[in-house]
Amino acid sequence: MKTNPNHPKFERTLVVIKPDGIQRSLIGEVIKRYEQIGLKLVGIKMLVPTADMVEKHYTLDPQWRTVTGVKTIKAYEARGLKHPISQDPKVVTGVILKTLIDYLTSGPVVAMVWEGAHAVEIVRKLTGGTEPRSSADVGTIRGDYAIDSYIMSDTDKRSVRNILHASGSVKEANDEIPHWFAKNEIFEYKLLVEQIIYGARLEGIL
Ligand code: GDP
Ligand code: MG
């Protein structure tokens, strides 16, 4: 039992290894990176998502259509270009959503729940920014293993292939986790190493 379930060390986030990540044989590499920083895997499964699941996943946050559209249009502007489809963020995201459904229903994905201090922020940091070309730093999963760009994906009318989904905020994580996992698919258990990562004092070593 958790003595204080609101302790920040119990923060949880959702990660989905997208079909390109599975095809690139990156399941182990992705898990290794989140594991080695000290996060705890509390749920994992493989599935082929339905179109309906994918659409709901991306529209759980009513702001997603606006925020993602604005982000994409700005990425074009930063290169002195106009977005090829529209200047209206919602139109841009409408197209992105269609391509995301094709992308995520094209094969099995691995969905995971990771738990630990600042899980959402830490996982995003290790994952890297959305566009592998520009915003995913070297050293991050997207920066190290993906080569895609908005210009590439928009030219070919498909989604940016960036290996993973990772919740963007605590609110997003709290909405997304129950969308992908039933309560009994998430496990509450202790890892002995937590005493070293979170213990208030390092006792019992000597
Ligand atoms: P994330 O949280 O970093 O995954 O990014 P978003 O939530 O903004 O977008 C969701 C997913 O949509 C991304 O991971 C990409 O696969 C895809 N995507 C985002 N922006 C674009 C875009 O401008 N063009 C295309 N083709 N796909 C995009
Ligand atoms: Mg997102």
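User: Happy to be looking at this one with you! How much accessible surface does the protein have, and what share belongs to carbon and sulfur atoms?

Analyst: The accessible surface comes to about 11,400 Å², and carbon and sulfur atoms hold 56% of that area. Keep in mind that this is a predicted model.

User: What makes L191 count as partly exposed?

Analyst: Its relative accessibility is 32%. Buried would mean under 20% and exposed over 50%, so L191 at 32% falls in between and is called partly exposed.

User: And where does L191 lie?

Analyst: You'll find L191 in the loop between helix 9 (170-180) and helix 10 (194-198). L191 also belongs to a nonpolar surface patch with F187, Y189, V193, I196, I197, L202, I205 and L206. Together these residues have about 950 Å² of accessible area.

User: Why does the radius of gyration agree with a compact globule?

Analyst: For 206 residues, a compact globule would have a radius of gyration near 17 Å. The protein has 18 Å, so the two agree. Along its principal axes, the C-alpha trace spans about 65 × 35 × 30 Å.

User: What share of the residues counts as buried?

Analyst: Of the 206 residues, 45% do, with under 20% relative accessible area as the cut-off.

User: How many helices and strands are there, and in which order do the elements run?

Analyst: The protein has 10 helices and four strands. Starting at the N terminus, the order is β-α-α-β-α-α-α-β-α-α-α-β-α-α. As for contacts with a separation of 6 or more, 74% are between residues 24 or more positions apart.

Technical notes
Residues are numbered from 1 along each chain as its sequence is written. Chains are lettered from A and ligands numbered from 1 in the order in which they are written. This is a predicted model: local features need pLDDT of at least 70, side-chain atom pairs count only at pLDDT 80 or more; totals for chains, interfaces and linings use all residues. Side-chain values use heavy atoms; hydrogens and water are left out. Patches are made of residues with over 30% relative accessible area and no salt bridge: like charges are joined within 9 Å, nonpolar side chains (Val, Leu, Ile, Met, Phe, Trp, Tyr) within 5 Å. Accessible areas come from the Shrake-Rupley method with a 1.4 Å probe; for residues, only the protein chains shown count as cover. A salt bridge is a side-chain nitrogen of Lys or Arg within 4 Å of a carboxyl oxygen of Asp or Glu. Helices (H or I, at least four residues) and strands (E, at least two) are DSSP runs, numbered from the N terminus. Buried means under 20% relative accessible area, exposed over 50%, partly exposed in between (1.4 Å probe, protein chains only). The radius of gyration is taken over C-alpha atoms; the globule rule is 2.2 Å times the number of residues to the power 0.38. Contact means heavy atoms within 4.5 Å.
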